[in-house]
Amino acid sequence: MSQSISISQIQDVLIATIQVDLSTSVITEFRAHLFEKARAHTIQGVLIDLSEVKTLDRMNMDALVDVVATVEVMGRRCVFVGMRPGIAMALVNINYDTDQLTCVSNIDDGLAMVGG
């Protein structure tokens, strides 16, 4: 896994911290690594920390939503954490369907939401 995304475990929750703006190759690598970790560990959920992401386009957001859907099909809860106001506003401005997104402001709220 590249140094752009770290995946750690706190209690029974995986926390994926994205530290760079996303590209197709970064998302592909992230997806594979996250699914492997989720399969290999007994966890209740996954937090995807977007607090360091400065830009996010529709294609990359769609890819992240697909990751969330797959994690949830695996029987785990998945929540976005720390989305910047500018990204949230951009998603609303492009009429992105935000109803499908579960978001919290910080890791503590995310841990509480997924039961960690």
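Leu50 is buried, at a relative accessible area of 1%; buried here means under 20% relative accessible area, with a 1.4 Å probe and protein chains only. You will find Leu50 in the loop between S3 and H2, where strands (E, at least two residues) and helices (H or I, at least four) are DSSP runs numbered from the N terminus. Leaving aside residues up to four places away in sequence, Leu50 touches Ile18, Leu64, Phe80, Val81, Gly82 and Met83, a contact being heavy atoms within 4.5 Å.

A word on the model: it is predicted, so local features need pLDDT of at least 70 and side-chain atom pairs count only at pLDDT 80 or more, while totals for chains, interfaces and linings use all residues. Residues are numbered from 1 along each chain as its sequence is written, and side-chain values use heavy atoms, leaving out hydrogens and water.

Next, look at Asp49, in strand S3. Asp49 is buried yet has no salt bridge, and Arg84, the nearest side chain of opposite charge, is 8.6 Å away; a salt bridge needs a side-chain nitrogen of Lys or Arg within 4 Å of a carboxyl oxygen of Asp or Glu. Among the residues that Asp49 touches are Ala16, Val81 and Ile107.

Finally, step back to the cores. In the largest nonpolar core, of 32 residues, Phe30, Ile48 and Met61 touch the most other members; such a core is a set of buried Ala, Val, Leu, Ile, Met, Phe, Trp, Tyr and Cys residues joined through side-chain atoms within 4.5 Å. H2 gives this core its largest share, 7 residues. A second, separate core of 8 residues includes Ile15, Val79, Val81 and Leu111.

Terms used: Buried means under 20% relative accessible area, exposed over 50%, partly exposed in between (1.4 Å probe, protein chains only). Lys and Arg count as positive and Asp and Glu as negative; His and the chain ends are not counted.
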